[in-house]
Amino acid sequence: MTDTAEAARRPERAILSALTHGAGELGANIAAAVLPALRDLEETARSTAIQGRGRPGAPRA
(Lines give C-alpha, C1' and ligand atoms only; values in the text may rest on other atoms or scores of the structure.)
Protein backbone atom coordinates (compact mmCIF):
# COMPACT_ATOMS: atom_id res chain seq x y z
CA MET A 1 0.00 0.00 0.00
CA THR A 2 1.61 3.23 -1.15
CA ASP A 3 -1.36 5.60 -1.10
CA THR A 4 -1.45 7.76 2.04
CA ALA A 5 -5.21 8.36 1.84
CA GLU A 6 -5.93 4.64 1.54
CA ALA A 7 -3.57 3.91 4.43
CA ALA A 8 -5.47 6.42 6.56
CA ARG A 9 -8.81 4.82 5.66
CA ARG A 10 -7.56 1.27 6.25
CA PRO A 11 -4.75 1.38 8.82
CA GLU A 12 -4.96 -2.34 9.55
CA ARG A 13 -4.25 -3.18 5.91
CA ALA A 14 -1.53 -0.54 5.81
CA ILE A 15 0.25 -2.20 8.73
CA LEU A 16 -0.06 -5.62 7.10
CA SER A 17 1.30 -4.20 3.87
CA ALA A 18 4.29 -2.73 5.68
CA LEU A 19 4.97 -6.01 7.48
CA THR A 20 4.62 -8.08 4.33
CA HIS A 21 6.28 -5.86 1.73
CA GLY A 22 8.29 -3.33 3.74
CA ALA A 23 11.65 -5.01 3.14
CA GLY A 24 11.02 -5.16 -0.59
CA GLU A 25 11.62 -2.77 -3.43
CA LEU A 26 8.70 -0.52 -2.45
CA GLY A 27 9.53 -0.46 1.26
CA ALA A 28 10.32 3.25 1.39
CA ASN A 29 7.12 4.12 -0.51
CA ILE A 30 5.05 1.93 1.79
CA ALA A 31 6.60 3.52 4.88
CA ALA A 32 5.92 6.98 3.47
CA ALA A 33 2.22 6.09 3.19
CA VAL A 34 1.85 4.13 6.41
CA LEU A 35 3.68 6.32 8.92
CA PRO A 36 1.44 9.42 8.56
CA ALA A 37 -1.64 7.18 8.83
CA LEU A 38 -0.33 5.68 12.07
CA ARG A 39 0.47 9.11 13.46
CA ASP A 40 -3.12 10.20 12.77
CA LEU A 41 -4.45 6.98 14.29
CA GLU A 42 -2.50 7.58 17.47
CA GLU A 43 -3.88 11.11 17.75
CA THR A 44 -7.43 9.84 17.23
CA ALA A 45 -7.01 7.07 19.80
CA ARG A 46 -5.52 9.51 22.28
CA SER A 47 -8.35 12.03 21.95
CA THR A 48 -10.93 9.24 22.20
CA ALA A 49 -9.37 8.01 25.44
CA ILE A 50 -9.21 11.54 26.84
CA GLN A 51 -12.92 12.00 26.16
CA GLY A 52 -13.67 8.73 27.96
CA ARG A 53 -14.98 6.88 24.94
CA GLY A 54 -13.78 3.53 23.73
CA ARG A 55 -13.03 2.17 27.18
CA PRO A 56 -15.49 -0.30 28.65
CA GLY A 57 -17.19 1.11 31.73
CA ALA A 58 -15.81 4.62 31.21
CA PRO A 59 -18.22 7.46 31.92
CA ARG A 60 -19.41 9.40 28.89
CA ALA A 61 -18.49 13.06 28.67
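A: Contact means heavy atoms within 4.5 Å. Keep in mind that this is a predicted model.

Q: Okay. Which residues does Ala18 touch, leaving out those up to four places away in sequence?
A: Ala18 touches Ile30 and Val34.

Q: And where is the place of Ala18?
A: Ala18 is in helix 2. With a relative accessibility of 29%, Ala18 counts as partly exposed.

Q: Let me back up. How many helices and strands does the protein have?
A: There are three helices and zero strands. Read from the N terminus on, the elements run α-α-α.

Q: Which residues do the helices cover?
A: Helix 1 covers residues 4-9, helix 2 covers residues 11-21, and helix 3 covers residues 27-50.

Q: Back to helix 2, then. Which residues in it are buried?
A: Pro11, Ala14 and Ser17 are buried there. They sit on the same side of helix 2, because they cover an arc of only 115° around the axis.

Q: Why would residues spaced like that point the same way?
A: An α-helix has 3.6 residues a turn, so residues three or four places apart point the same way.

Q: What does the face turned away from the buried side carry?
A: That face of helix 2 carries the exposed residues Glu12, Leu16, Leu19 and Thr20.

Q: Which residues make the nonpolar surface patch?
A: Ile15, Leu16 and Leu19 make it, and its area is about 310 Å². Leu16 and Leu19 are also among the exposed residues on the face of helix 2 turned away from its buried side.

Q: What about Ile15, how does it count at 35% relative accessibility?
A: Ile15 counts as partly exposed, because 35% falls between the cut-offs: under 20% is buried and over 50% is exposed. Like Ala18, Ile15 is found in helix 2.

Q: How far is Ile15 from Ile30 in space?
A: The distance is 9.4 Å, C-alpha to C-alpha, and in sequence Ile15 and Ile30 are 15 residues apart.

Q: Now Ser17. Why does it count as buried?
A: Its relative accessibility is 9%, so Ser17 counts as buried.

Q: Which residues does Ser17 touch?
A: Not counting residues up to four places away in sequence, Ser17 touches Met1, Gly22 and Ile30.

Q: How far does the backbone nitrogen of Met1 lie from a polar atom of the Ser17 side chain?
A: The backbone nitrogen of Met1 lies 2.6 Å from that polar atom.

Q: Switching to helix 3. How does Leu41 count at 40% relative accessibility?
A: Leu41 lies in helix 3 and counts as partly exposed.

Q: How far apart are Leu41 and Pro11?
A: They are 30 residues apart in sequence and 7.8 Å apart in space, C-alpha to C-alpha. Pro11 is one of the buried residues in helix 2.

Q: What share of the contacts comes from residues 24 or more positions apart?
A: Such residues account for 40% of the contacts with a separation of 6 or more.

Q: Last topic, the whole protein. What share of the residues is buried?
A: Buried residues make up 20% of the 61 residues.

Notes
Residues are numbered from 1 along each chain as its sequence is written. This is a predicted model: local features need pLDDT of at least 70, side-chain atom pairs count only at pLDDT 80 or more; totals for chains, interfaces and linings use all residues. Side-chain values use heavy atoms; hydrogens and water are left out. Patches are made of residues with over 30% relative accessible area and no salt bridge: like charges are joined within 9 Å, nonpolar side chains (Val, Leu, Ile, Met, Phe, Trp, Tyr) within 5 Å. Accessible areas come from the Shrake-Rupley method with a 1.4 Å probe; for residues, only the protein chains shown count as cover. A salt bridge is a side-chain nitrogen of Lys or Arg within 4 Å of a carboxyl oxygen of Asp or Glu. Helices (H or I, at least four residues) and strands (E, at least two) are DSSP runs, numbered from the N terminus. Buried means under 20% relative accessible area, exposed over 50%, partly exposed in between (1.4 Å probe, protein chains only). A polar contact is a pair of N or O atoms within 3.5 Å; within protein, one must be able to donate a hydrogen and the other to accept it, and residues adjacent in sequence count only if both atoms are side-chain atoms. The arc is that of the directions from the helix axis to the C-beta atoms.
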